[in-house]
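Colleague: I am new to this structure and would like to learn how to read its features. Could we take them one at a time?

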Amino acid sequence: MDKKPNILYIMVDQQRYDCIGFSEKYPVLTPNIDRLASEGAWFSNAYTHIPLCCPARQSFLNGRRPEMLGALWNYDLGPKVSTIDIKDYSWPRELKKEGYKTAYLGKWHVHPTYDPTDFGYDEYVSEAEYERYRTEKYPQYKYTDGIKLYEKDDLSTWFGEIDPIPLEDTRTHWLTNKVIDMIRNYSESTNPWHIRLEFSDPHLPCKPNQKFADLYQPETIPEWGNFKDSFENKPYIQRQQLVNWGIEDFTWEDWAPLVARYYAMISQVDDAIGQVLEAVQMMEIQENTIIIFTTDHGDMCGGHRMMDKHFVLYEDVVRVPLIIKWPNKLKNHLNCDHFVYNLLDISPTILEMCRIKPPDIHQGSSLVPIIEGKSPLNWRNEVVATYNGQQFGLYTQRMIRTAEWKYIWNTTDVDELYNLIRDPHELNNVIHVEANQSVVQDLRSRLYSILLEEGDTLVDNHWLKEQLTKGRKL
């Protein structure tokens with residue numbers, strides 16, 4: 001039997017779908033990621049199942065939705081919460097059982113005590129190692145902790161700045177060099193390998209190198225299509241978010257410099273990824289190396305005038321890029337518009353690619369049949385995403401998105417309904433329009449069935465069940 005494929009999994013943090021050049025939405029330069037997409041499968045309807053760092057990563061490692069683990073929000077911010085346990089199932093262990101060499105490099109944010117070596121990875125290169133390297137080599141260079149652009153004050157740390165050190169010693173490119181060395185070492189072995197490369201960028205605050213910052217001038221950055229949101233007939237928390245961040249009076253002129261740095265950071269990450277892709281080709285291992293690129297979730301970055309990703313399930317944060325390049329199976333570019341989960345579906349996909357039968361614990365579905373050009377029977381017609389709260393308080397949301405509609409169940413506030421064909425920017429909440437009530441009823445019923453089937457205990461109590469099944473909502 002042929003040697004099992006190598007798996008190079010690349011994940012960035014807080015990357016919008018529409019800020020990849022290949023999406024043809026906004027003018028962000030990502031030539032290397034675009035080339036990867038043009039050579040592989042591009043999933044234009046990929047969604048995160050939860051737009052929050054820790055639960056997304058914990059869930060991906062385990063193969064189940066975070067609510068099944070009790071991993072509801074980031075463990076290091078907000079009320080205490082459960083997280084994945086060392087005894088829980090982890091799919092990388094399945095690869096180790098089959099002789100794979102495994103390595104994890106970069107952002108972890110899965111457990112406060114245990115690291116990747118406790119969940120199936122042989123080696124781990126942490127971001128803490130980079131911080132030590134940077135401090136020792138450049139003790140004179142320190143971040144200003146944000147640019148005080150707006151006289152707002154204490155939240156300026158999130159607005160970003162220019163990283164003054166040489167590009168090769170920035171976090172993105174230091175990590176890239178470590179990964180290339182790891183790939184070279186692992187490829188000298190007869191064993192197949194799985195290497196996971198996790199970038200912390202372009203998560204705010206964005207601190208690009210000057211080379212990439214120079215690519216984008218704030219006055220040339222186009223305004224988001226949803227920027228002028230009035231929040232009419234929308235949940236109170238959305239307006240409160242602006243106040244929490246101190247950005248309620250921001251104009252597009254205020255936002256444009258932040259968005260420019262976001263663009264720049266994306267281009268810097270793309271440059272780093274390009275170096276990894278070039279190394280794989282130079283080592284002549286590309287034919288037996290599957291490359292997967294995705295993110296944990298998106299970023300508001302001024303969309304709907306908001307910062308970060310909390311208390312909303314807008315497309316800005318739930319729709320994400322997903323690319324799979326599988327040379328032995330996919331000779332030509334594939335543009336797939338099936339609804340897929342970029343994390344829940346990837347773990348069973350990786351196992352099947354490696355000819356390992358995924359155990360029943362996985363709540364996603366393998367994408368192998370789709371990549372092979374088959375039409376899977378009974379493939380989902382919708383995606384469901386969840387949110388449970390974070391640093392500004394606990395707030396439960398559940399979303400179901402179909403080809404035309406998005407319904408968001410806000411358990412303690414007004415629900416949301418958007419017609420994504422007529423209103424792609426999600427500006428008009430039409431939940432109370434009489435003509436839409438049959439749609440609302442159908443989506444609530446479908447959402448309830450999926451949540452119940454997948455073990456979401458939010459619908460286990462009588463009152464919340466009644467909200468969905470009988471529409472007991474204002």
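Modeller: Start with pairing: two strands count as paired if DSSP finds at least two bridges between them. This is a predicted model. In it, Gly106 stands opposite Ser126 in S5.

Colleague: How many bridges join strand S4 to S5, and do they run parallel or antiparallel?

Modeller: In general, strands of a sheet pair through backbone hydrogen bonds, either parallel or antiparallel. Here S4, residues 101-106, is joined to S5 by four bridges, and the two run parallel.

Colleague: What is the order of the strands in the open sheet?

Modeller: The eight strands are ordered S5-S4-S6-S1-S7-S8-S2-S9, and the pairing is mixed. At the edges are S5 (123-126) and S9 (334-336), each of which pairs on one side only. From one strand to the next, the twist averages 10°.

Colleague: Which strands does helix H2 touch?

Modeller: Helix H2 (residues 53-62) packs on the sheet and touches S1 (6-12) and S6 (193-198). The direction of H2 makes about 170° with that of S6.

Colleague: Is Cys54 in that helix buried or exposed?

Modeller: A residue is called buried under 20% relative accessible area. Cys54, which lies in H2, has 0% relative accessibility and so counts as buried. Leaving aside neighbours within four places in sequence, Cys54 is in contact with Trp73, Asn74, Tyr75, Asp76 and His109.

Colleague: Why do the buried residues of H8 line one face of the helix?

Modeller: An α-helix has 3.6 residues a turn, so residues three or four places apart point the same way. In H8 (residues 236-245), the buried residues are Ile237, Gln238, Gln241, Leu242 and Trp245. Seen down the axis of H8, they fall within an arc of 155°, so they line one face. What covers them includes strand S12 (393-401) and strand S14 (416-419). Just after H8, Gly246 takes a positive phi of about 75°.

Colleague: How many aromatic pairs does a search of the whole structure find?

Modeller: The search finds 27. Phe119 is buried, with a relative accessible area of 0%, whereas Tyr114, at 28%, counts as partly exposed.

Note on methods
Residues are numbered from 1 along each chain as its sequence is written. This is a predicted model: local features need pLDDT of at least 70, side-chain atom pairs count only at pLDDT 80 or more; totals for chains, interfaces and linings use all residues. Side-chain values use heavy atoms; hydrogens and water are left out. Axes are lines fitted to C-alpha atoms, for helices over the stretch in contact, and angles run from 0 to 180 degrees between N-to-C directions. Contact means heavy atoms within 4.5 Å. Buried means under 20% relative accessible area, exposed over 50%, partly exposed in between (1.4 Å probe, protein chains only). The arc is that of the directions from the helix axis to the C-beta atoms. Rings of Phe, Tyr and Trp (its six-membered ring) pair if their centres lie within 6.5 Å; planes under 30 degrees apart count as stacked, over 60 as edge-to-face and the rest as tilted.
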